[in-house]
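This briefing is for a reader new to the structure. It covers the annotation, the ligand surroundings, selected helices and some backbone features.

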Amino acid sequence: MRTAIITGITGQDGAYLADFLLSHGYSVWGTYRRTSSVNFWRIEALGIADHPSLHLVEFDLTDMGSIMRLVEKSAATEIYNLAAQSFVGVSFDQPHTTAQITGVGALNLLEAIRILDTKIRFYQASTSEMFGKVRVIPQDEETPFHPRSPYGVAKLYAHWITVNYRESFDIFGSSGILFNHESPLRGLEFVTRKITHAISRIKLGQQDVLELGNLDAKRDWGFAKEYVEGMWRMLQADEPDTYVLATGRTETVRDFVTMAGKAAGIELDWKGKDEQETGVDAATGKTIVRVNSKFYRPAEVDLLIGSPAKAKEKLGWEPQTTLEELCSMMVEKDLERNAGGGVTF
Ligand code: NDP
Ligand code: GDR
């Protein structure tokens with residue numbers, strides 16, 4: 001039986017990847033943090049929390065001893081480093097914590113692999129946020145980096161240390177530069193889920209207005225469930241490498257709100273500009289979307305659009321779900337959850 005470690009199994013990608021690996025016969029060691037209340041809702045939603053081949057282990061990426069013990073005890077052959085302080089906005093307020101977890105955390109894992117001299121294959125969850133202030137469209141594996149947040153800078157360190165350990169110590173370390181990927185299991189603080197959650201509440205009469213920041217930001221959004229398969233394919237390749245996973249389509253945050261409204265049966269008209277911009281329900285004339293500058297970031301990533309050509313050619317990976325399908329899936333799930341008494345996660 002093949003064995004894999006997933007750091008960050010309580011997150012969106014960790015849950016989908018665990019589901020994928022378990023269904024492919026893996027034994028999975030999934031790490032979670034000691035917090036005041038456990039956070040297993042995603043693996044419960046996927047029905048894998050009690051899977052006999054799933055071992056849940058308490059662990060922190062900043063604690064070298066716990067990493068060494070886990071790598072040794074599990075005898076895993078693959079490790080997927082998905083754990084991170086992953087919220088870009090928070091990284092401006094907590095840059096040190098972000099650097100320790102999101103940046104140095106990857107080094108800790110690589111050091112454990114080096115010290116224990118294991119042949120374990122390592123996947124690093126890199127990000128399109130490393131491109132940041134883009135000058136090249138679309139972005140691919142050769143595009144220069146210019147991160148725009150402490151999160152992006154920390155991820156760039158983790159990316160380069162993975163490449164460096166690959167080149168220096170013959171470690172099978174692959175880095176997946178993944179563009180935004182979403183799902184009904186996305187955290188509520190990220191913009192797509194914040195939108196689908198709020199639009200479904202507005203539709204159900206549970207909320208009046210959705211407040212957002214920069215509506216002009218453009219993102220390349222794909223479906224998380226498909227992206228975790230791409231991670232796995234990277235570790236099945238003959239050689240370690242760096243790959244972009246993306247859809248090749250970009251839309252604004254405003255477009256995503258319009259799409260979510262449509263999926264919930266609400267037609268939106270947009271009025272005004274910048275901080276005065278509002279989204280009005282065309283049927284009732286009520287303002288249901290407003291801009292609040294408190295959600296602006298000190299430095300923004302304006303436009304991301306990736307080219308998945310290399311992943312298609314070398315890994316046979318391609319996105320399948322359209323943004324309209326993804327958005328509808330998220331709205332429908334949030335309508336169901338909210339109609340059933342609301343969600344706390
Ligand atoms: P989430 O924020 O949903 O999950 C992050 C996970 O990391 C959670 O399980 C969290 O645990 C865990 N974690 C945080 N700090 C620590 C720590 N100190 N020690 C151990 N675990 C920790 O992220 P996603 O699932 O969306 O993303 C997975 C990875 O991919 C992240 O590294 C993210 O930065 C990266 N990424 C994500 C993209 C996306 O669009 N989703 C795109 C590109 C990269 P807890 O539940 O306790 O907070
Ligand atoms: P991002 O995702 O920063 O791209 O990072 P997020 O959904 O947080 O923001 C996307 C864009 O929307 C704009 N925006 C808002 N964002 C949030 N969260 N809340 C708002 O109210 C709001 N209004 C406008 C943002 O300014 C931004 O431009 C995600 C994370 O998953 C990272 O971990 C990952 O690396 C990248 O995607 C790829």
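An unreviewed UniProt entry annotates residues 5-330 as "domain: NAD(P)-binding"; UniProt positions follow the numbering used here, feature names are shortened, and annotations may be inferred rather than shown by experiment. The model is predicted: local features need pLDDT of at least 70, side-chain atom pairs count only at pLDDT 80 or more, and totals for chains, interfaces and linings use all residues. Residues are numbered from 1 along each chain as its sequence is written, while chains are lettered from A and ligands numbered from 1 in the order in which they are written. Over residues 5-330 the chain is 39% helix and 18% strand, with its end C-alpha atoms 28 Å apart. Helices (H or I, at least four residues) and strands (E, at least two) are DSSP runs, numbered from the N terminus.

**Surroundings of ligand 1**

- Ligand 1 is surrounded by 27 residues, and the closest are Gly8, Gly11, Ala83, Ala84 and Ala125. A residue counts as near a molecule or strand if its C-beta atom, placed from the backbone, lies within 6 Å of it.
- The largest share, 3 residues, comes from α1.
- By class, the shell around ligand 1 holds 8 nonpolar, 16 polar and 3 charged residues. Ala, Val, Leu, Ile, Met, Phe, Trp, Tyr, Cys and Pro count as nonpolar, Asp, Glu, Lys and Arg as charged, and the others, Gly among them, as polar.

**Surroundings of ligand 2**

- Around ligand 2 there are 22 residues, the closest being Ser86, Thr127, Val191, Gly213 and Ala217.
- At least two residues of this shell come from each of α4 (88-93) and α7 (191-203).
- The shell around ligand 2 divides into 9 nonpolar, 7 polar and 6 charged residues.
- Domain 1 (3-182 + 221-245) and domain 2 (191-218 + 251-302 + 321-339) each provide at least three residues of the shell around ligand 2. The domain bounds come from an automatic or database domain assignment.

**Helix α5**

- Helix α5 (residues 95-116) has 22 residues and reaches 30 Å from its first C-alpha to its last, close to the 32 Å expected at 1.5 Å a residue. The expected span of a helix is 1.5 Å times one less than its number of residues.
- A kink of about 45° in α5 is centred on Val104. The bend at a residue is the angle between axes fitted to the seven residues ending there and the seven starting there.
- Buried residues of α5 include Thr98, Ile101, Gly105, Leu109 and Ile113. A residue is buried if 20 or more other C-beta atoms lie within 10 Å of its own, exposed if 12 or fewer, and partly exposed in between, with C-beta atoms placed from the backbone.
- Ala99 lies in helix α5, and Ala99 is partly exposed because 19 other C-beta atoms lie within 10 Å.
- Ala99 and Val153 are 54 residues apart in sequence, and their C-alpha atoms are 8.1 Å apart in space.

- The 13 residues of α7 reach 18 Å from first C-alpha to last, close to the 18 Å expected at 1.5 Å a residue.
- In α7, 12 of the 13 residues are buried, so the helix is largely enclosed by the rest of the structure. Among them are Val191, Arg193, His197, Arg201 and Lys203.
- Helix α8 (residues 224-236) has 13 residues and reaches 19 Å from its first C-alpha to its last, close to the 18 Å expected at 1.5 Å a residue.
- Tyr227 belongs to helix α8 and is buried, with 26 other C-beta atoms within 10 Å.
- Tyr227 and Trp317 are 90 residues apart in sequence, and their C-alpha atoms are 8.8 Å apart in space.

**Backbone features in loops**

- The peptide bond from Ile137 to Pro138 is cis, with omega near -10°. Pro138 is in the loop between β5 and α6 (150-169).
- Asp117 has a phi near 55°, a positive value in a residue other than glycine. The loop between α5 and β5 holds Asp117, which counts as exposed with 7 C-beta neighbours inside 10 Å.
- Asp274 has a phi near 45°, a positive value in a residue other than glycine. Asp274 is in the loop between β13 (268-271) and β14 (278-281), and with 10 C-beta neighbours inside 10 Å Asp274 counts as exposed.
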